Structure formats: C-alpha cells, structure tokens
Amino acid sequence: MMLFLMAAVPALCGVGCLFYSWKSARGQGRSLVIYGWLLLLLSLLSWIQLAGAEYGVVFALLFPAFFAWLMIVFQRRKGRRKTSAPQTVQPMPAPSWQGIGRNIARFLWLFAGLGVAMLLVSVALVMQFPFAANLNLASALLLFPLLWAASVCWFLSSRKPWKVSLLSTVAALVSSLWLLV
C-alpha cells in the first residue's frame with residue numbers, strides 16, 4: 001500500500017503541475033512544467049518498483065492519463081457555469097463553379113496523374129536493380145507509395161505547382177520510354 005501511495009501521489013501532483021502550468025502565466029509555468037515532469041519520473045520509478053518493469057511502465061502511463069482526463073472534465077464543468085455573450089458567426093461564401101472545377105481537377109491530377117507518373121518512375125527505377133524479379137516487384141511495391149506521397153506533398157506545398165506537374169510528366173515520359181526500349 002505504501003508503494004502504491006508513493007506512485008500515485010507523485011503522479012497526481014505531476015499531472016496537476018503540468019495542468020496548472022498550462023493554465024498559468026508564462027513566468028511561473030516553466031518551473032511547474034519541470035516539477036511536473038520530475039514528479040512523473042519519480043512516479044514511474046515507484047510504479048516499476050511496485051509492479052515490475054513491464055506493468056510499471058504501463059501503469060505510469062495510464063494512471064496520469066486518467067487523472068488528466070478527470071481534471072479536464074472537472075475544469076470543463078466548472079467553466080460551464082459561467083455564461084458568455086453569444087458570438088456572431090459570419091456565413092461562409094457560396095462556392096463558385098470555377099473553384100469546384102479547379103478542386104476536382106486538382107484532385108484527379110493528384111491521385112490519378114501523379115499516381116500513374118510515380119508508378120512508371122518506380123517501375124523504371126526498380127527494373128535497373130540487379131535483383132530477381134520477385135525482389136524487384138517487392139521493391140517497386142515499397143518505392144511507389146513513397147514516391148507518390150512525396151510528389152503529392154511537393155505539389156501541395158509548392159508555390160508554383162505547375163512546375164511540379166511538368167517535372168512529374170517529363171519523368172513519367174522518360175520512364176515510359178525507358179521501359180519500352
């Protein structure tokens with residue numbers, strides 16, 4: 001029972017410190033974060049002493065999470081008692097047909113166009129590997145989603161997506177010519 005209290009009390013205090021550091025001002029919050037994590041580390045060591053390494057780590061993760069959810073629930077109930085002024089919400093503008101068409105075209109290009117382009121690139125790259133056919137196939141299955149995801153992320157984060165589209169199209173054409181020859 002004593003080890004349980006030595007594990008539960010620091011966990012409760014650690015969660016409380018972290019919770020109130022989140023709610024407090026900046027100057028005091030930093031020290032509360034440090035104290036909270038140190039208390040949770042002390043709780044982890046006590047849980048390991050109490051239940052062994054396997055179960056101690058599980059208890060050290062679950063026990064503070066349970067306390068944190070309880071604190072959030074009680075804080076939310078306390079916050080509901082206060083009434084605030086209703087906020088005005090502006091209606092969203094109606095979508096235009098041009099915007100809908102542009103987004104459908106972008107969707108089709110990202111999933112169909114870049115998908116086919118990166119499939120051709122991955123197969124052309126994998127065909128150059130000096131492995132057996134089944135290992136080349138497995139390599140292509142692993143390489144294709146990575147290339148496709150990278151090209152989609154590059155397209156979406158680019159300021160000039162037409163350059164990404166042009167480069168992907170050229171890479172697909174070169175890969176298809178390489179596969180045919």
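**Terms and the values behind them**

Author: Leaving aside neighbours within four places in sequence, Trp109 is in contact with Leu114, Phe155, Ser165 and Thr169. Contact means heavy atoms within 4.5 Å. This is a predicted model, in which local features need pLDDT of at least 70 and side-chain atom pairs count only at pLDDT 80 or more, while totals for chains, interfaces and linings use all residues. Residues are numbered from 1 along each chain as its sequence is written, and side-chain values use heavy atoms, with hydrogens and water left out.

Reader: What makes the link between the side chains of Trp109 and Ser165 a polar contact?

Author: The distance joining these two side chains is 3.2 Å. A polar contact is a pair of N or O atoms within 3.5 Å; within protein, one must be able to donate a hydrogen and the other to accept it, and residues adjacent in sequence count only if both atoms are side-chain atoms. The 3.2 Å value for Trp109 and Ser165 falls within that limit.

Reader: Why is Trp109 called partly exposed?

Author: Its relative accessible area is 26%. Buried means under 20%, exposed over 50%, and partly exposed in between, with a 1.4 Å probe and protein chains only. Trp109 at 26% lies in between, so it is partly exposed.

Reader: Where is Trp109 placed?

Author: Trp109 is in helix H3. Helices (H or I, at least four residues) and strands (E, at least two) are DSSP runs, numbered from the N terminus.

Reader: Why is Ser151 called buried?

Author: Ser151 has a relative accessible area of 5%, which is under 20%, so it is buried. Its place is in helix H4. Not counting residues up to four places away in sequence, Ser151 touches Leu114, Met118 and Val164. Also buried in H4 are Asn136, Ser139, Ala140, Val152 and Phe155. The cover over the buried residues of H4 includes helix H3 (97-126) and helix H5 (161-180).

Reader: What span is expected for H4 (residues 133-157), and what span does it reach?

Author: The expected span of a helix is 1.5 Å times one less than its number of residues. H4 has 25 residues, with 36 Å expected, and reaches 36 Å from its first C-alpha to its last. H1 has 22 residues and reaches 32 Å, close to the 32 Å expected.

Reader: Is Ser21 buried or exposed?

Author: Ser21 is buried, because its relative accessible area of 12% is under 20%. It is found in helix H1 (residues 2-23). A polar atom of the Ser21 side chain lies 2.7 Å from the backbone oxygen of Leu18. Apart from residues up to four places away in sequence, Ser21 touches Gly29, Leu32 and Val33.

Reader: What makes Ala11 buried?

Author: The value for Ala11 is 0%, under the 20% limit, so Ala11 is buried. Ala11 is also in helix H1. Beyond its neighbours within four places in sequence, Ala11 is in contact with Leu40, Ser43, Phe63 and Pro64. Ala11 and Leu40 are 29 residues apart in sequence, yet 5.2 Å apart in space, C-alpha to C-alpha.

Reader: Why is Gln87 called exposed?

Author: Gln87 has a relative accessible area of 73%, which is over 50%, so it is exposed. It sits in the loop between helix H2 (26-80) and H3. From Gln87 to Val123 there are 36 residues in sequence and 55 Å in space, C-alpha to C-alpha.

Reader: Is Met1 buried or exposed?

Author: Met1 is exposed, because its relative accessible area of 73% is over 50%. Met1 is found in the segment before H1.
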